[in-house]
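Here's a quick look at the charged side chains in this one. Have the viewer open while you read.

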Amino acid sequence: MAAVVLAATRLLRGSRSSGRRPLRCGAPAYRRFSSGGAYPNIPLSCPLPGVPKPVFATVDGQEKFETKVTTLENGLRVASQNKFGQFCTVGILINSGSRYEAKYLSGIAHFLEKLAFSSTSQFDSKDEILLTLEKHGGICDCQTSRDTTMYAVSADSKGLDTVVGLLADVVLHPKLTDEEIEMARMAIQFELEDLNMRPDPEPLLTEMIHEAAYRENTVGLHRFCPTENIVKIDREMLHSYLRNYYTPERMVLAGVGVEHDDLVECARKHLVGTRPAWGSQTAVDVDRSVAQYTGGVVKLERDMSNVSLGPAPFPELTHIMIGLESCSFLEGDFIPFAVLNMMMGGGGSFSAGGPGKGMFTRLYLNVLNRHHWMYNATAYHHSYEDTGLLCIHASADPRQVREMVEIITKEFISMAGTVDVVELERAKTQLMSMLMMNLESRPVIFEDVGRQVLATHSRKLPHELCALIRDVKPADVRRVSSKMLRGKPAVAALGDLADLPSYEHIQTALSSRDGRLPRTYRLFR
C-alpha cells in the first residue's frame, strides 16, 4: 500500500526527485491486448488528443453579472440579471394592485389575476397560449398583491422573442370576453368559499389585520373581491382601471438568464409604440394616496369547532393577530425590522420538521416552550413602499384567549428590552442564510429584480444586503422596537371571542412597562 501511495506522490510531483526524466506529452504509445485490440496509453497528466482545451470559471470575489437596467423612450424599464443555464424567466411587473382601487369597486386586481393569459388579439384562447409556450418548454403564471401585479413566463432562452411578444400581447391586448369574465366570476366565488372554509386561517387573518391597520385606505382595501362586487365588475370597468395603471412608466420588463441587449431589443419591438386594447397609453386619473396607518380592531365571530376536513378531529381554536406599524422597505430601518422579525420567529406546535420555525427564536422559547396550550405563535412582517406592519399571530383554546393576548403583549414589550448578542447574531445569520438560499432559485431572482427595480429603479445585490444585515446592532433593534411601540395597535380576531380583551385594554398593555392587561373584576360570574 505504501508503495502505491509513493508512486502516486511521485506522479503528482513529477519524477525529478527520483532522478528520472519528467513526463513528456508526445505521440501516445499504444498498449496491445491478446485480442488484437489496442488503446492509447496516455498519462493523466497530459491532455487527451482531439479534445478541446477546457475553459474554467474564475473567481475573484466580485460579482461580474450585476443587474442591468435600461429605461426606454416610453418610460418602460428593462432589467436583466445574468444566470447560466438553458432556461430563463421573463415577466412584466406592474405598479398595480388592490391598494389603487379606492375610486373603483374592490376586486378589480383579483379579476385581472384570474383573467391573465386568456384570449388576446393574437391568440384565440388560453390553450393556444399554452401550446405556444410548450414549444419552448415554458410555463406561465400571474400573481397580484396589494401593490404589484406580476405576469411571468419560464421557458427556453432561445424562445425569448416569442415569450416577450406573448407577454406584451397578454398585458396590452386582452380580449376580456363575456365568457372569460363569467369564468373568472366562478373562480373567484369558489376561492372566497375556500378561504372561509380552510382550517388555516392565516390568509383571512392577514386580510383582516390590514383592514384594521389601514382603515379604508391603500393597503387596507380588500385584496380579495368582496362577494357583492363579483357580479358588478364588467369589461368597461376593467378597461377603465387598465387605462390608468397599465402604462409603460408603471411597468418593468425583467429577465433572468437572458442577455440584456437581446431583452432590450425585444422590448423595443413588442412594447414600444403599441396601442393597447383600451385605446390610450396616457393615464387619466391615477391614485397617488400615501398609506395612512389608523390602527383599530376587526372581529369575526365564527364557530371553529368543525373546521377539520378529515376524520381526525381538529381542536377548536381562537386566532388573534396583533400588529404595529413598522416602516417601508425604502427606509434604513427596514433591515433592523427584518432582523427583529427573524429573532421573534416562532411557528406552530405541529409544524413540519419540529415545533416552530426556529428552536431558539423568542416566540418558541418564551411562548410555545412554556405554554403547552398555545398551538401557534408566529411573527410576520409586511412591508410596502410607504408603510409596514409587524404582526404576531397566536392560536389557543377559546377559554384562554385573555391569557394568550397578555403573553403576546408581553413579547411586544420585551422587544424594546435587552437584546442578547448571541440571539441577535443567530437571527442575522439565519436571515442571511434564508436570503441566499431563496436566491438560488431563478424565479425568486426574477421577482427580486423586478420588485426592486419597480420600486427604486435599481437593485441591491445579495452581498450588499448581507453587509447591511451584519451592521445591525442591539441598539438598532431596541430603537426600532421603541419607536414601533409608541403607535396604536391593530388587532384581528377570529373564532369564539367571548373572552377577548377590549381594544382599549390591549392598547393599555402595549403602553405599559410589563405588557400586562388591566385587571378586570366581575360582580357576577
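How many salt bridges does a search of the whole structure find? The search turns up 18, a salt bridge being a side-chain nitrogen of Lys or Arg within 4 Å of a carboxyl oxygen of Asp or Glu. Keep in mind that this is a predicted model, where local features need pLDDT of at least 70, side-chain atom pairs count only at pLDDT 80 or more, and totals for chains, interfaces and linings use all residues. Residues are numbered from 1 along each chain as its sequence is written, and side-chain values use heavy atoms, with hydrogens and water left out.

Here are some of the pairs:

| Pair | N to O distance |
|---|---|
| E182 and R185 | 3.1 Å |
| R479 and D333 | 3.0 Å |
| R399 and D397 | 2.9 Å |

R479 sits in helix α15 (residues 474–485) and D333 in the loop between β10 (318–325) and α9 (334–344), so this pair ties together parts 146 residues apart in sequence. Helices (H or I, at least four residues) and strands (E, at least two) are DSSP runs, numbered from the N terminus. D333 and R479 also belong to a salt-bridge network with D476.

E182 and R185 share helix α5 (residues 178–197), 3 residues apart, or about one turn.

On exposure, buried means under 20% relative accessible area, exposed over 50%, and partly exposed in between (1.4 Å probe, protein chains only). D333 is buried at 14%, while R479 is partly exposed at 41%. R185 is buried at 16%, whereas E182 is partly exposed at 39%. R399 is exposed at 70%, but D397 is buried at 19%.
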